[in-house]
Amino acid sequence: PPCRAPRDLVDTIIYAGMVVVETITIIYAQKHTSVAPPVNITLDMSVPDDAQLIDLTDLSSVASWADMALAEGKSYLGGMVETDNGDNVLGISSLLSTVLDDNGLMTFPLADQNHGFEAGGVKLLLVDVSLVGLDSFEVFDVLNTTDPNTFSNKIKLETIGVNLKMELSVGE
């Protein structure tokens, strides 16, 4: 005969399993927080001989105001600005904070899109995904030309993370 467990036992097993999964996820994330990104990333591209490439050291060939606009944008985004509460932060952090909620999160609701699965009367649904730390830039030095066809970027955040809000339900 099939084994029938009381609902309380099934609930306990499921919730204990979720705690184990979350603990493993936290341990895995902590082990990988000190992984440094590669210092140099080089992309090799095949460019046809007759291609007209933009000279990144002289953007005025594209538009007379392009060099000035790029310099002003880099200066604002990578420079210090004063916030409404008197703090000095990088311009990119100040700009991004205008689209973050009161907790500094950028949240993408997913409940209506039904991301999840159901198996054996247990339903796990991804409700929303939140990005953490988008207002914690420490370095934002981008689009520095190293030659006419190459630029480099330096970006450093104090904190970066992802929060997943999930819903677990057990059917009757």
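K156 is partly exposed, with a relative accessible area of 45%; partly exposed sits between buried, under 20%, and exposed, over 50%, using a 1.4 Å probe and protein chains only. This is a predicted model, in which local features need pLDDT of at least 70 and side-chain atom pairs pLDDT 80 or more, while totals for chains, interfaces and linings use all residues. Residues are numbered from 1 along each chain as its sequence is written, and side-chain values use heavy atoms, with hydrogens and water left out.

Now look at the partner of K156. Its side chain meets that of E138 in a salt bridge at 3.5 Å, N to O (a side-chain nitrogen of Lys or Arg within 4 Å of a carboxyl oxygen of Asp or Glu). The structure holds one salt bridge. K156 lies in strand 7 (residues 150-157) and E138 in strand 6 (residues 137-147), so the pair, 18 residues apart, links distant parts of the chain; helices (H or I, at least four residues) and strands (E, at least two) are DSSP runs, numbered from the N terminus. E138 is partly exposed too, at 39%.

Next, find V47, in the loop between helix 1 (7-31) and helix 2 (66-78). V47 is partly exposed, with a relative accessible area of 36%. Together with L43, M45 and L53, V47 makes a nonpolar surface patch of about 460 Å². Patch residues have over 30% relative accessible area and no salt bridge, with like charges joined within 9 Å and nonpolar side chains (Val, Leu, Ile, Met, Phe, Trp, Tyr) within 5 Å; the areas come from the Shrake-Rupley method with a 1.4 Å probe, and for residues only the protein chains shown count as cover.
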